[in-house]
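Please open the structure in your viewer and keep the selection tool at hand. The stops below say what to select next and what is there.

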Amino acid sequence: MSELYLYECDERGVATLTLNRGEIHNAFNDELIELLSQKFKDISSDDSVQVVVLTGAGKSFCAGADLNWMKSMINYSEEENIKDSQALSDLFHIINTCSKPVIGKVNGAALGGGVGLVAVCDYVLASESALFGLTEVMLGLVPAVISPFVIAKMGESNARATFLTGERFDAKRAMELGLVHQVSLDRHFHNDCEELVKKFLKPAPGAQRVAKELIRNVCELSSASYEQKSKYTCETIAKRRVSAEGQEGMNALLEKRRPNWKKEK
């Protein structure tokens, strides 16, 4: 049996993770979910990785759940379904909180759970021929597990429009909804991704990690008092100003040179 995903990391620290079930549109099963969860945990703690590119083999990005896997669920008890769904929810959470920037390189169809994968990427580049859809209602189901991540990206109003109709939509519409940041002509898709990767390699890696935490924590503090928000944000910038990266960045600016980012202790 072929590997369920492919992984490589180049000398720049650019890791490419490719879902490798092209014959069934890179659909999830329990084994792939477990493997991806562990791999993204490893990536988060791997100092050699600076940026991750997540993509799919063949014509699709990810078409959601594997039909054979879904077939096995028909006779699951409610408790078994909860356990099974928790594993998938954990995968999305692990990718969403990955300490490295995650670029979604959406090469084709992203349906159901595949949209969940799109939603947990920090930046999404889609080919012009990519297709999206939250199609669960067409099967009598709902996009429950992915909903916190998808709604965070597209908002409640757009979620209502797409969750309830199950309609499929193109990359341009996905960008209008906030799922996608950039649409690329098919013939420029790979080159556009490389240019995007270069942008993500320029900033300080530690600052990128803290910036991801900042966004997540500020969103979680949305209902907190001004004093709580101010305390957290002021402490965060104070720590960065005295960090090795903060000192190097400010000195480089004053000395009119490029900063030399080194691994933070």
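Select E195, which counts as partly exposed because its relative accessibility is 43%, where partly exposed means the range between buried, under 20% relative accessible area, and exposed, over 50% (1.4 Å probe, protein chains only). This is a predicted model, in which local features need pLDDT of at least 70 and side-chain atom pairs count only at pLDDT 80 or more, while totals for chains, interfaces and linings use all residues. Residues are numbered from 1 along each chain as its sequence is written, and side-chain values use heavy atoms, with hydrogens and water left out.

Next, select D10, R12 and E194, which salt bridges with shared partners join into one network. Between D10 and R12 the closest N and O atoms are 3.0 Å apart, and the side chains of R12 and E194 meet at 2.7 Å, N to O.

Now turn to the largest pocket, which holds about 880 Å³ of space. A pocket here is an open set of points on a 1 Å grid over the protein atoms alone, where a 1.4 Å probe fits, with protein on both sides within 12 Å along at least five of seven lines, and lining residues have an atom within 4 Å of a point. Of its 31 lining residues, select A65, M70, E136, L139 and L141, the closest to the centre of the largest pocket. The largest share of this lining, five residues, comes from α3.

For the last stop, which residues line the second largest pocket closest to its centre? The second largest pocket holds about 560 Å³ of space, and of the 18 residues that line it, N96, A152, I215, R216 and C219 are the closest to its centre. Helix α8 gives the most to this lining, with six residues.

Terms used: Points joined across faces, edges and corners; volume = space filled by probe spheres on them. Helix = DSSP H or I, 4+ residues; strand = E, 2+ residues; numbered from the N terminus. Salt bridge = Lys/Arg side-chain N within 4 Å of Asp/Glu carboxyl O.
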